[in-house]
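Subject: Structure handover

Hi,

Here is the structure I promised to pass on. My notes follow below it.

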Amino acid sequence: MIVLGIESTAHTASVGIVGENAEVLGLASDMYRPAAGGIHPREAANHHVELLPGLVARALEAAHLRPREIDAVAFAQGPGLGPCLRAGATVARMLALTWERPLVPVNHCVAHIEIARVLSGLDDPLLLYASGGNTQVVAYGAGRYRVLGETLDVGIGNFLDKLWIAMGGTFPGGPALEAEAKLGHELIPLPYSVHGMDVAFSGMLTATLGLYAQGVPRPDLAHSVEVTAYSMLTEITERALAHRRRTSVVLGGGVACNERLRGMVRAMAEGQGGTSFAPPKSLCVDNGAMIAWTGALAFGAGRVVPVSASRVEPRQRTDLVEAPWRLPPAG
Ligand code: ATP
Ligand code: FE2
């Protein structure tokens, strides 16, 4: 089975094509980068509408496939920015109708999780999903992915982006802050906000910007933010491993590109006698291949939707959707 997936929830328009075993046959992406400030939803949606048809052609070309060889079309149904979601869904509906193929809606968060899980080779790992809008420790249980702990305010990536932009940088902030942090050495105390299994970042944002305004060097602040924020994530992940009596963890989402976060979680998991895994960076950030792969799983479980009933769900949380492909076979 070969599935084409369309991602358009926020900044990235992407088309991926995957095969039976999650092998990525074709992937073509383009990120909308605002000239200044954060994402403007309407502008991002226009970017996606303009680029998606060409990205479909490029992905097919890279995969050496013709449309008739595609078995199903998957799209990111939510969560995300309404105008961006509608742009991707419209292109997916059009392809499903012209190619006469089933249409499969996919939750974007579950897609980050499923691509990381299949590449890890681990059947039932604990997952740390750290991205722009989300920061969740997740485990599968009774038909869906359960959120064991999460951010109480903004997602860690949005926090890093906002901070970097306020310190004079441009979007996306996470990778730039990672480079800047390598130049810093001094560890400056910042609010460390862990509440049971949850975390919060707004106190650290305010404190860091206050210190920056007082003239504290940006590299030292970047270093301290990374150490503090990623320690918080590592702590709740370690606690979840203990509660769930697990030792191995899989990372997903754009912030899982970060080498320091990868290293801290790896050291923690190895300390528990387990392992950690993170996908290649191109599959941590938003991409169409994760939508295609989760679409393949959902299609296998019969989750198709008529074009007339397909809709986007801007607020569709990880734990609001079922993952029927994970249920044990009936009988
Ligand atoms: P969500 O999945 O919650 O909807 P999203 O789809 O907007 O969020 P992703 O593409 O999954 O976002 O992740 C993008 C985020 O990852 C951005 O906030 C970006 O700054 C961050 N990011 C990317 N690379 C790195 C890195 N090397 N270090 C830290 N953060 C990074
Ligand atoms: Fe994402």
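Which residue in β3 is the bridge partner of V18? It is V24.

Some ground rules. This is a predicted model, in which local features need pLDDT of at least 70, side-chain atom pairs count only at pLDDT 80 or more, and totals for chains, interfaces and linings use all residues. Residues are numbered from 1 along each chain as its sequence is written, chains are lettered from A and ligands numbered from 1 in written order, and side-chain values use heavy atoms, with hydrogens and water left out.

The open sheet

V24 sits in β3, which strand β2 (residues 12-18) joins through 7 bridges, running antiparallel. Helices (H or I, at least four residues) and strands (E, at least two) are DSSP runs, numbered from the N terminus. Two strands pair if DSSP finds at least two bridges between them. β2 and β3 belong to an open sheet of 5 strands, ordered β3-β2-β1-β4-β5, with mixed pairing. β3 (24-31) and β5 (103-107) stand at its edges with a single partner strand each, so one side of each has no neighbour in the sheet. On average, neighbouring strands are turned by 20° against each other, direction ignored.

Two helices go with this sheet. Helix α1 (residues 41-63) lies across β1 (3-7), β2 and β3, and runs at about 155° to β3. Helix α2 (residues 82-99) touches β1, β4 (72-78) and β5, and its direction makes about 160° with that of β4. Axes are lines fitted to C-alpha atoms, for helices over the stretch in contact (heavy atoms within 4.5 Å). Angles run from 0 to 180 degrees between N-to-C directions.

The iron site

The iron ion (ligand 2) has three protein donors: H108 (NE2), H112 (NE2) and D286 (OD), lying 2.1 Å from it. Donors are N, O and S atoms within 2.8 Å of the metal (3.2 Å for Na, K and Ca); water is not among the atoms, so sites may look incomplete. The 6 donor atoms subtend angles of 80 to 172°, which makes the arrangement octahedral. That label needs opposite donors over 155 degrees apart and all others between 65 and 115. Along the chain, the spacing is H-x3-H-x173-D. H108 lies in helix α3 (residues 108-120) and D286 in the loop between α9 (281-284) and α10 (288-300), so the pair ties together parts 178 residues apart in sequence. H108 is buried, at 6% relative accessible area. D286 is buried too, at 11%. Buried means under 20% (1.4 Å probe, protein chains only).

The cores

A nonpolar core is a set of buried Ala, Val, Leu, Ile, Met, Phe, Trp, Tyr and Cys residues joined through side-chain atoms within 4.5 Å. The largest has 43 residues, and I156, F159, F201, L233 and L261 touch the most other members. Helix α7 gives the most to this core, with 10 residues. Beyond four places in sequence, the contacts of L233 include L128, I156, F201 and L261. A second, separate core of 30 residues includes A72, L127, L283 and A289.

Helix α7 also holds E226. E226 is buried, with a relative accessible area of 3%. Leaving out residues up to four places away, E226 touches L177, E178, A181, S231, N258 and R260.

The hairpin

β7 and β8 form a hairpin with 2 residues between them. A142 in the turn has a positive phi of about 50°. The two strands run antiparallel, joined by 6 bridges. A139 stands opposite R146 in β8.

Best wishes

Terms used: Four donors count as tetrahedral if all angles lie between 85 and 135 degrees; four count as square planar and six as octahedral if opposite donors are over 155 degrees apart and all others between 65 and 115; anything else is irregular. Buried means under 20% relative accessible area, exposed over 50%, partly exposed in between (1.4 Å probe, protein chains only).
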